[in-house]
Amino acid sequence: MANDLRLGVAGLGTVGTSLVRIIQNKAHALEKRCGRRVVVTAVSARSRDKDRGIDLCDTEWFDDPVALAESDGIDVFVELMGGDSGPAEDSVRAALKAGKHVVTANKALLARHGVELARSAEASDVSLNYEAAVAGGIPIVKTMRESLAGNDVTRVYGILNGTCNYILTRMEREGLAFAECLADAQRLGYAEADPTFDIEGFDAAHKLAILTSLAFGCEISADSIYVEGITSITTADIQAADELGYRIKLLGVAQRTDTGIEQRVHPTMVPRSSAIARIDGVLNAVAVDGDAVGEVVLAGPGAGGNATASAVLADIADISRGDRAPTLGKPADELEPYVRARMRKHEGGYYIRLSVFDRPGAFATIAQEMAAHNISLESIVQRRRAIKSDAPGDSHPSEPAPVILITYETTEEAIKEALAAIDAKKVIADKPQMIRIEKLT
Ligand SMILES: NC(=O)c1ccc[n+]([C@@H]2O[C@H](COP(=O)([O-])OP(=O)(O)OC[C@H]3O[C@@H](n4cnc5c(N)ncnc54)[C@H](OP(=O)(O)O)[C@@H]3O)[C@@H](O)[C@H]2O)c1
């Protein structure tokens, strides 16, 4: 039997404690699967005194994660602290330089420094594995890096944030407002006290940045992602989507176009019959369109201690067996520069909800502006305005009424210009709501 595989784990929070617990509880099964004993020999966290519910008696403690990363007593440095700089960055760099394999769940670190870190791993001839960094427990990194190697990918998209999917699912099922669902998500531990990172789409963007590089063999470019969160979505939009045969999901989409690669995170109308539309609650899903295989969809838990530790262990098992793939699917120096496709050139259908003043000619103005920008309308639905009093015949003629437009395929530029022109004509009361429709089978 080969020597033990000695792990140094930095970060003993949600994921770190789950990882240590699983390794201790499944020692025998892991030994069989990994070809040798997998042992946590050293750990690091901020507070030494905290009771973490795991046995650390025979484990060396390091106050400094960089010292742990460089320690002669480990073969693999497992970074589970988080953050795109500071101790996470310093310790991962130190580990790679010291010739240690690295496993991390840190999407922020990879999205910001992935290519540089990949180079460093190659220079030291070690693995840098990060399955848990994208969609938690779903094995999408290995699938893209290895199992889909025979494909040219045309698009990768997914539900990459469980908090947003939970909120949108509750809004749809129970007709509740966004704020109420967010408060529940916080109460249940699905959302942070400061939920900005999740609900504004930044968390999904980090994961998308990594998926884009894996899908198209290009450098990671997290700063080039168009990001829009879910805070503007109302129950009126969700209800209208349902009536039109769609559901609203926060999607991350990366797609090759004639002008470059589009990367976008935004609320999206997806056909109710599509696989992605059926992913509910905190689950995540990723779909990959490959030229040989067609569409592959993977769904599962995108977060949680055990689910994330499961992905970390898969990376550890690969290292133990000597299975190594280039960090981003090919050698770092062969990654193509990322060429950004501008969002204004994005082509697709659009859902638009307008609050239209009940004035003669208002409807005609909207139709004229759409036509002037070469936008064809698939449907127009005018809703009755809300009746504010019980008085018979009280129809509040001065109040605006919702109008919902679905366009055929057009460009983002045309939509933005048409909506600005409609706004300038003073026929609508509020900022228009615009939700992109994703073409899916
Ligand atoms: N939680 C999930 O479901 C999930 C899913 C996918 C990916 N991830 C990723 O996994 C990583 C860890 O997430 P988590 O949820 O487990 O985080 P967490 O619960 O906040 O735990 C962070 C751990 O890092 C330790 N730490 C922080 N700064 C440190 C320092 N300077 N030196 C040593 N230790 C330090 C903390 O120590 P103390 O305990 O002493 O404070 C804590 O144990 C992040 O990159 C996250 O994005 C998490």
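## Contacts with the ligand

A backbone N or O atom of G13 lies 3.0 Å from an oxygen atom of the ligand. For T14, too, a backbone N or O atom lies 3.0 Å from a ligand oxygen atom. K50 uses its side chain instead: a polar atom there is 3.0 Å from an oxygen atom of the ligand. Taken alone, the ligand exposes 910 Å², and the protein buries 78% of that (areas come from the Shrake-Rupley method with a 1.4 Å probe).

This is a predicted model, in which local features need pLDDT of at least 70 and side-chain atom pairs count only at pLDDT 80 or more, while totals for chains, interfaces and linings use all residues. Residues are numbered from 1 along each chain as its sequence is written, and side-chain values use heavy atoms, with hydrogens and water left out.

## Around the ligand

How many residues surround the ligand? There are 23, and the closest are L12, V15, S47, R52 and G304 (a residue counts if one of its heavy atoms lies within 4 Å). This shell divides into 10 nonpolar, nine polar and four charged residues; Gly counts as polar here.

## The sheet

Six strands form an open sheet with parallel pairing, in the order β3-β2-β1-β4-β5-β6. Strands β3 (60-62) and β6 (128-129) stand at the edges with a single partner strand each, so one side of each has no neighbour in the sheet. Strands are DSSP runs of E with at least two residues, and two of them pair if DSSP finds at least two bridges between them.

Four bridges join β4 (residues 76-79) to β5 (residues 101-104). Within this parallel pair, E79 stands opposite T104 in β5.

How values were computed
A polar contact is a pair of N or O atoms within 3.5 Å; within protein, one must be able to donate a hydrogen and the other to accept it, and residues adjacent in sequence count only if both atoms are side-chain atoms.
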